[in-house]
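Biologist: I'm new to this one. Pick a single part and take me through it closely, please.

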Amino acid sequence: RTEDFSPNAHPSRPIDEKSLQPEEWRKLVVAKKSESGSSGVVFCLLPEGVVCLKSGSTLAGEIFGSWLAAAIGIATPEMRLAQHKTSEYKEIQAALKRTASMNTRIGISRILQRRNLGVMKFIKGRPLALLEEIPSKAALRQIGEIILLDVIINNFDRLPLIWDNEGNADNIMFAGGAMYALDNRVICPTSLQNRERYLHTVKLLCETMADGEATKVEQWENLAPFWAKRTYMGSLSKEAIGEMIVGFKNASNRAAVELSKKCLCGMVEKLRGLNKDAGSKFWDEQINGIDVDYFASIIDVLRRHLNGDAGQQEGRRESKMRDEEEKAPRQ
């Protein structure tokens, strides 16, 4: 039954198109909408494990954000697009209508109406909100890397470093010894004034981190109340903040090297290509809302005010090492 379905009680199923054939959706056991968040995640139980579906007006922006994360070595759930009118799209729609109870169907009505669906890997783990202790120094550095990603994509719905909000500890998942960033949609201000205000905020953060002891920077100290209120881990020590800052700077170094404007433009064109045969104005409107110049400006602020020549050299070294690891034969 839908109400008895607990995604974490089942394995995560690979979502690559070679592994997950359209016909497998005919074997859908149960589908259940996430009880938290507003992004419209639906957990689907197939014979070999759980797969997630997403839809909505931010789908293109979230795929773009996940590609940005991957480019600088940050773990996110794998995502791909199930295009309108393809056999996979039709099988998913039919499976959801067949298996969903009336209450569930109301909850996933958005999924049933969208012309495009995001197929996303299910991350089986525990959210930051439920962790009772800090897993490791490496995990803290990974959190710092995720914060750097959020600064680039202006994602305020996670850790409130430079945003005036309470934060969301459910959008970081600890699984398999790594921290995963969930819900990585990019946010582009619609007015020039708001854009300039955000760039100034990022510049101020970088300058204060570069000028003195970073752990005493007000923005980083502001994470302590969030940590105490939104997690079970109690107080956030100065040492823990220091490890996050190391991760933040390391990821910033990589971003300065990897995320050139040419790279960002290539990602946008790749997004357009995902749906070129479907003729979806809704998809094109989402992509048109991704302002490459804006994100390039944020990365340029990081490059000029935080990284410096030494940081960029370190970023190149890390990128080269990662490329070599990816090319190395698997044992």
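Predicted model: local features only at pLDDT ≥ 70, side-chain atom pairs only at ≥ 80, totals over all residues.

Modeller: Residues count from 1 along each chain as its sequence is written, and side-chain values use heavy atoms, without hydrogens or water.

Glu24 sits in the segment ahead of strand 1 (30–33) (strands are DSSP E runs of at least two residues, helices H or I runs of at least four, numbered from the N terminus). Skipping neighbours within four places in sequence, Glu24 is in contact (heavy atoms within 4.5 Å) with Arg13, Ser19, Leu46, Pro47 and Glu48.

Now hop along to the loop linking strand 6 (126–127) and helix 5 (137–153), where you'll find Ala129. Ala129 is buried too, because its relative accessibility is 12%. Leave out residues up to four places away in sequence, and Ala129 touches Ala169, Asp170, Arg230, Thr231 and Tyr232. As for Lys229, the C-alpha atoms of Ala129 and Lys229 lie 9.3 Å apart, though 100 residues separate the two in sequence.

Past that loop comes helix 5, and helix 5 meets helix 9. On the helix 5 side, the residues involved include Leu140, Ile143, Gly144, Ile147 and Val151. Their counterparts in helix 9 include Ala240, Met244, Gly247, Phe248 and Ala251.

Technical notes:
Buried < 20%, exposed > 50% of the residue type's maximum accessible area, 1.4 Å probe, protein only.
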